[in-house]
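Let's take a walk through this fold together, going from helix packing to pockets and then to a few details of the backbone. Please keep the model open beside the text as you read.

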Amino acid sequence: MIAIVGVGETAPTRRSEKDIRALTVEAALSALEDAGLAPSDVDGIVTDAGIMPTTVPHEWMAAQLGIDAHFSAALSYGGTGIVAAPLLAEMAIRQGLAEVVLFYFGVDWGSRPGGPYAFHHIYPAKMTFEKPYGFSGQPSYFALWARRYMHEYGLQEEDLGRIAVAQRENALRHGGGQVSTPLELPDYFNSRMISDPLRAADCCLITDGAGAYIMTSMERARDCRKKPVEVRGVGYASEPITGDDIFTQKSDLLRLPGVARATSQALRAADITLNDVDFAEIYDCFTISCLMQIEDLGFCGKGEAAAFIREKGISINGGLPVNTHGGFLSYSYRLGIEHVVEAVRQLRGEAGEAQLADPKLGIVTGLSVPDYGLLVLGA
């Protein structure tokens, strides 16, 4: 078993004066300081395989930190790569290829031309058949899913609004996020329509920022500065559908690929059930994606998430606290590195005003369709 022994992040902001490379170095150094380790202790680097290799390559980071010969690997992209990275770190540590592994991730989508909208330019069919006709960008894709869900299960706009309101409540209690204004349901309905039925309050923020975490063996972790957080289980699954097709062409728009398999893998490895989980940091690029994951993870049946959220509650005081820092909707949108950082702080008892009462187990999800990752962390 391995542990996360250090976490760090830059302050999330809409546009940073620093570039993406400076932000990731700052986050990496912060995570090492948190662990009580020096850059020279690092002998392994893992990142996602889609975004970091082209913006902040491993060899560039190693040169900045003065890391000599090291293990280097990457997995999936974005959110799934962020939460599934411990799979690669554990393999490297177990086989003696590395002792201290650094994971880092950052985005400059707040200042980069095109931001997250430009990400899908890598898919030729979207560039030919969708974007020229205005079906452009993630709000359009997820609005399609939301409308279908409403048709199938009778979801109301107010049900989506409850997710946005709960996460804003969490963010204001947590502090340090990009948004500082309260949000109630009347404010939600007054929020600007982006792609019907999704309003601005249903959509993630746009952020410049970075985060990082440090992994090592449980034995080495006992010598680090702070209480180690155990990696209890990791799940990773993908399905054979292209990025061109995933949002608009698959036969069942309401089932998220890979979720059931990745969840089963992670829970089995951790030897727990969802009933044992004290909180969930869920990839919430939109309210509808958060709602659909609550179902596909298995917290409730299909079509039941709205009632589950209404009756159980997902705020910090709710029966299932979700995104205790406010998530992508109200804290920042760095594709999930902030979710891992927050989960570790919760399990250490360092979450300040947003701290849960003695949490023992938390999960973090990564949605990078058609890939999915799930990370189980334990105090």
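Helix H7 (residues 157-174) packs against helix H11 (residues 287-297) at an angle of about 100°, and their axes are 9 Å apart. Here axes are lines fitted to C-alpha atoms, for helices over the stretch in contact, and angles run from 0 to 180 degrees between N-to-C directions. H7 is therefore roughly perpendicular to H11, a label for angles of 65 to 115 degrees, while those under 35 count as roughly parallel, those over 145 as roughly antiparallel and the rest as oblique. Helices (H or I, at least four residues) and strands (E, at least two) are DSSP runs, numbered from the N terminus. This is a predicted model, in which local features need pLDDT of at least 70 and side-chain atom pairs count only at pLDDT 80 or more, whereas totals for chains, interfaces and linings use all residues. Residues are numbered from 1 along each chain as its sequence is written, and side-chain values use heavy atoms, with hydrogens and water left out.

Where the two helices touch, Leu160, Ile163, Ala164 and Gln167 of H7 meet Thr287, Ile288, Cys290 and Leu291 of H11; contact means heavy atoms within 4.5 Å. By class, this contact of H7 with H11 has 6 nonpolar, 2 polar and no charged residues. The classes count Ala, Val, Leu, Ile, Met, Phe, Trp, Tyr, Cys and Pro as nonpolar, Asp, Glu, Lys and Arg as charged, and the others, Gly among them, as polar.

Follow H11 to its next partner. H11 and helix H12 (residues 305-312) pack at about 95°, with their axes 9 Å apart, which means that H11 is roughly perpendicular to H12. In this contact, Leu291, Ile294 and Glu295 of H11 meet Ala305, Ala306, Phe308 and Ile309 of H12. The residues there divide into 6 nonpolar, no polar and 1 charged.

Now for the pockets. The largest pocket has a volume of about 620 Å³. A pocket is an open set of points on a 1 Å grid over the protein atoms alone, where a 1.4 Å probe fits, with protein on both sides within 12 Å along at least five of seven lines; lining residues have an atom within 4 Å of a point. Grid points are joined across faces, edges and corners, and a volume is the space filled by probe spheres set on the points. Of the 38 residues lining the largest pocket, Cys203, Cys204, Leu205, Cys285 and Phe286 are the closest to its centre. H6 gives the most to this lining, with 3 residues. The lining has 26 nonpolar, 8 polar and 4 charged residues.

Phe286 also takes part in a ring pair. The ring centres of Phe142 and Phe286 are 4.7 Å apart and their planes are at 25°, so the pair is stacked. Rings of Phe, Tyr and Trp (its six-membered ring) pair if their centres lie within 6.5 Å, with planes under 30 degrees apart counted as stacked, over 60 as edge-to-face and the rest as tilted. This pair links distant parts of the chain, 144 residues apart: Phe142 is in helix H6, and Phe286 is in the loop between strand E9 (279-281) and H11.

Finally, look at the backbone. A cis peptide bond with omega of about 15° joins Asp196 and Pro197, and the bond from Val369 to Pro370 is cis too, with omega near 10°.
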